[in-house]
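Hi there,

Here is the model I promised to pass on. Have a look at it first, and then read on for my notes on what turned up.

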Amino acid sequence: MLWLYLHFPNLQLDALLSQAQGEEIAPLVILDQHSHNIVQLSAKAAATGITLNMGLGTAAALAQDLQVVPYVPRITEDKLHEIAEVLYLSTSDISFFAPQGLLLRIHNMLRLYGDLSSYWQVLKNQLAPLKLTYHYATGHSPLAANILAKKGWNTISDDLELLRRTIAQCQLSETDIAPKTQQQLMRVGVRNVQDLLRISFADMAKRFDISLVNYLGRLSGEFKHPIEFYHPPEVFKRYMELLFDVDNSQFLQGPLGHVLKVLEQFLKLRDRLTQSLIIQFYQRDHEHIEWTVGSQQGEYLASRWHALIAIKLEQLKLDSAVYAISLTTGKTQIRSPDKGDLFSAKKGSLSRLQLVSLLQAKLGEQAVVSPAINNDFRPEHAASYHSPAVAKELNHDMSPMLQAMRPSFLLSPPQPLREKVTVLYGPERLNTGWWDSRPVIRDYYIAHNEQGQWYWVFKGPDGDWHLHGVFS
Amino acid sequence: MNPILEHLKNKNLIWQANHTSQMACANSTGFRELDTHLQGGFPQSGVMDIDSPIGIGELRLLLPDLLTRQQNGDRLLVFIAPPMHINSEMLAEFGFELQRVLVLQAASSKQALWCAEQCLASGCCYGVVLWQQDIAVNQVKRLQLAADKGDALLTLLRQQKQVHMALPVSLALRLRALPQGLHIEVTKRKGGWPSAAFTVNMGDSWPELNSLPMADNILHFPARHYQTA
């Protein structure tokens, strides 16, 4: 059995700095809000003399332009999931060690990659683009790897003898044994792990509590260590804290582009498309704004989503500065290849559904419609607009009776007729709708006025004339 | 050849009479008189500017051509910013497949132009009909480029109030109502000579919308003609 442990001490800081992309920024520290101590710090902050666990007052005195960000456990957790997602491409068994570590079972992967060094090379290449600080170590048991990585051993080896020797030399303070138990052990002269492992488990169980025995058993690999492995998620969900507060909606394009790239990778690996993205903008002093951006056809390409989102961003009005965004996919579907004709010389680059999505993003969904026919004799009910998807079904599943001589435009509602017209055709009597609240009794005529415009007029039961349509 | 002439010709600044053959690809409009005067029919792609009051038959003049184009492919027809509710019964009765018709209700003329450009350039629309009163030369040029890119025909329907500037369109028509149909004047045709005004008889395809006196041998129902105020 061989295990690899990756320890990430600076996850929240790394998540923030990855947005900076090499730009110069002020010294940055992450502050634990309960103890008011610094828990993570950037290289620039370290250069000014700030150290870990330093109080905020001292740190602020050392660096004038110090930027302080509170520690949010959720960001670390999200980032850890993100790393696991990347590593899953090369490793099948990954487990989370809260809050800052990942455990990989690697002995079963070695057959695929040949030997340990080439496998480690693959892992290193995968981690490189994430720009993370990390410590690593292999171990003969999960806990051994854990202790060595946290210690910063940074060695990859499958020499069990070497691993056992190194773990034996570890001090008690480097293990996860409770401080109280550590003190008890010190008093009886146990100083490092080697001393501890010399004592038999039976003797130890008599004098110390059972959790120590369990811990040691797992450390030496004699007891089984139950581990729950990671399964990649079905739905893409990403929360991103911005490096700076943004109050101009156009500046949101940059960070959104980042997330969309990750989304593209996510969907591409699963060979899936998504038809909608749910984007949330968290505002500093107001409720968050939630958006749904739709694409009728389903897309995975970041560039396509970017174009749709850019149109919507033009209309975004922010009440106060945005400090974080999150992006979630709606339903995903398996991608099916386009069955376009290779030889028909097609010009232009969009498909029909892509065009509809683009127009809907600009005009709003209710402004992009398709005409449809309902099975009704009343002209205003028969002719209606529906969204393209609905109209397709409506028109598909029935073939209504069509009336001859209908105008091209309808006035809604019909207007009283105020001009002198000459009636040329008619009447056509409609007496229907008595079963619902909008009955219609009308005699329709085709008429034209003195300018030569063709009107569709009707006379109601009380003798008043209305203009209902125009033959354009 | 004279070097100056050659230079001008290379820069495409000289129009030559033998260029007219480029206009060969045209579609029949469905009206014989119009076909003759346009030497074949409406252009395959580009921008067409029609100056007409609403309700005299301007849309009916376009429909046969738009229908043939719809039947020849699987692309979309888009109506942008129509002045009133477009009657789907009329479209269906005329033979249009309604799934492949889109109506866009733009809030402003700027939005309408944006939509027209996107639809034209997308390559999935064969025709766009746009109701737009005012349009500038540079906007027409953009639309023209988009129409050529997407192989689509944009028809601009508007009623001009004053004498207009010449727009860089492929074809410009002026329509006026007549009892038997439409009086048409071709005000501009790319690569062609202006022709005399002519009349299109719409009575053949729309017999009811024809106010010429009926033939004598038709027996009228007694109360055929109504006069109303």
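A:T133 sits in the loop of chain A that runs between α6 (116-127) and β7 (135-139). Please keep in mind as you read that this is a predicted model. A:T133 counts as partly exposed because it has 14 C-beta neighbours inside 10 Å, and the range for that class lies between 12 or fewer for exposed and 20 or more for buried. What does A:T133 touch, if residues up to four places away in sequence are not counted? The list is A:F8, A:P9, A:N10 and A:D14. A:L11 belongs in this picture too: A:T133 and A:L11 are 122 residues apart in sequence, yet their C-alpha atoms are 7.7 Å apart in space.

A:L11 also takes us to the helices. It is one of the residues of α1(A) that make the contact with α4(A). Helix α1 (residues 11-20) and helix α4 (residues 73-87), both of chain A, pack with their axes 8 Å apart and at an angle of about 75°. That angle falls in the range of 65 to 115 degrees, so α1(A) and α4(A) are roughly perpendicular to each other. On the α1(A) side the contact is made by A:L11, A:Q12 and A:A15, and on the α4(A) side by A:I75, A:T76, A:K79 and A:L80. Sorted by class, these residues are four nonpolar, two polar and one charged.

The next pair gives another arrangement. Helix α14 (residues 302-314) and helix α15 (residues 352-363) of chain A have axes 8 Å apart and pack at an angle of about 15°. Angles under 35 degrees count as roughly parallel, and α14(A) and α15(A) are therefore described that way. Their crossing is right-handed. From α14(A) come A:L308, A:I311 and A:K312, which meet A:S357, A:L358, A:A361 and A:K362 of α15(A). By class, the residues of this contact are four nonpolar, one polar and two charged.

Helix α15(A) also packs against a helix of chain B. With α5(B) the angle is about 170° and the axes are 11 Å apart. Are α15(A) and α5(B) roughly parallel or roughly antiparallel to each other? Since angles over 145 degrees count as roughly antiparallel, they are roughly antiparallel. Here A:L355, A:L358, A:L359, A:K362 and A:L363 of α15(A) meet B:Q111, B:W114, B:C115, B:Q118, B:C119 and B:S122 of α5(B). The classes in this contact are seven nonpolar, three polar and one charged. A:L358 and A:K362 are listed in the contact with α14(A) and again in the contact with α5(B).

In soluble globular proteins, nonpolar side chains tend to be buried together. In this model the largest nonpolar core has 112 residues, and those with the most contacts inside it are B:V78, B:I80, B:L104, B:A116, B:L120, B:V128 and B:L154. Helix α5 (residues 109-122) of chain B gives the most to this core, with seven residues. Leaving aside neighbours within four places in sequence, B:V78 is in contact with B:L102, B:L104, B:C119, B:C125 and B:V128. Another core, of 53 residues, lies apart from the largest one; A:L6, A:L16, A:I50 and A:L243 are among its members.

A few words on chain A as a whole: it has 17 helices and 19 strands. Of its 472 residues, 32% count as buried. Among contacts in chain A with a separation of 6 or more, 58% are between residues 24 or more positions apart.

Last come some backbone details. Most residues other than glycine have a negative phi, and most peptide bonds are trans. The bond joining A:S412 and A:P413 is cis, with omega about -5°, and A:P413 lies in strand β15 (residues 409-416) of chain A. In chain B, B:Q39 has a positive phi, near 50°. B:Q39 lies in the loop between α2 (32-37) and β2 (42-43), and it counts as partly exposed because it has 15 C-beta neighbours inside 10 Å. B:D151 has a positive phi as well, near 55°. Its loop is the one between α6 (137-150) and β8 (153-158) of chain B. B:D151 is partly exposed, with 19 other C-beta atoms within 10 Å.

Happy to go through any of this with you.

Best wishes

Note on methods:
Residues are numbered from 1 along each chain as its sequence is written. Chains are lettered from A and ligands numbered from 1 in the order in which they are written. This is a predicted model: local features need pLDDT of at least 70, side-chain atom pairs count only at pLDDT 80 or more; totals for chains, interfaces and linings use all residues. Axes are lines fitted to C-alpha atoms, for helices over the stretch in contact, and angles run from 0 to 180 degrees between N-to-C directions. Helices (H or I, at least four residues) and strands (E, at least two) are DSSP runs, numbered from the N terminus. A crossing is left-handed if the near helix is turned anticlockwise from the far one by less than a right angle, and right-handed if clockwise. Two residues are in contact if their C-beta atoms, placed from the backbone, lie within 7 Å. Ala, Val, Leu, Ile, Met, Phe, Trp, Tyr, Cys and Pro count as nonpolar, Asp, Glu, Lys and Arg as charged, and the others, Gly among them, as polar. A nonpolar core is a set of buried Ala, Val, Leu, Ile, Met, Phe, Trp, Tyr and Cys residues joined through C-beta atoms within 7 Å.
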